[in-house]
Amino acid sequence: MAGTWTARRPTRLAIVSAGYADGYFRAASANDGTRGAEVVVAGKRCPIAGRVSMDFDRGRRHRYRKERRTPRHMVTLIGEGITVDELAQSFRHHRL
């Protein structure tokens, strides 16, 4: 596998049904040396974990309680405080 990001502790992930095929930026990805962009899951900002793929990406939720998320919960990629400028800033030192 061509994994780019490794969980360093027990981690909960939210799988998002969107990726670069939907117009989201692959450069928003995270790897072990570079932090990725953030998304909003249930009103909380969460960093992207790993590589944004064609059809989905992962938002890391390790900081939050283990409250249950239901399938098809709304996730915000741009908005709710995440501006296009902020998203672009996360690409600045990115290497895939």
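**A tour of the strands**

Begin by selecting Val 41, which stands opposite Lys 44 in S3. The model is a predicted one, in which local features need pLDDT of at least 70 and side-chain atom pairs count only at pLDDT 80 or more, while totals for chains, interfaces and linings use all residues. Residues are numbered from 1 along each chain as its sequence is written, and side-chain values use heavy atoms, with hydrogens and water left out.

Next, select strand S2, residues 38-41; strands are DSSP runs (E, at least two residues), numbered from the N terminus. Glu 38 and Val 40 point one way and Val 39 and Val 41 the other, and all are buried, that is, under 20% relative accessible area (1.4 Å probe, protein chains only). In a regular strand, side chains alternate between the two faces of the sheet.

At Glu 38, the bridge partner in S3 is Pro 47. Two residues separate S2 and S3 in a hairpin, and Ala 42 in the turn has a positive phi of about 50 degrees.

Now select S5, residues 75-76, which pairs with S2 in the antiparallel sense over two bridges. Here Val 75 is the bridge partner of Val 41.

Display the three strands together: they form an open sheet in the order S3-S2-S5, with antiparallel pairing. S3 and S5 stand at the edges with a single partner strand each, so one side of each has no neighbour in the sheet.

Finally, select Arg 51, in the loop between strand S3 (44-47) and strand S4 (57-60). Its C-alpha lies 8.4 Å from that of Ala 27, 24 residues apart in sequence.

Notes. Helices (H or I, at least four residues) and strands (E, at least two) are DSSP runs, numbered from the N terminus. Buried means under 20% relative accessible area, exposed over 50%, partly exposed in between (1.4 Å probe, protein chains only). Two strands pair if DSSP finds at least two bridges between them.
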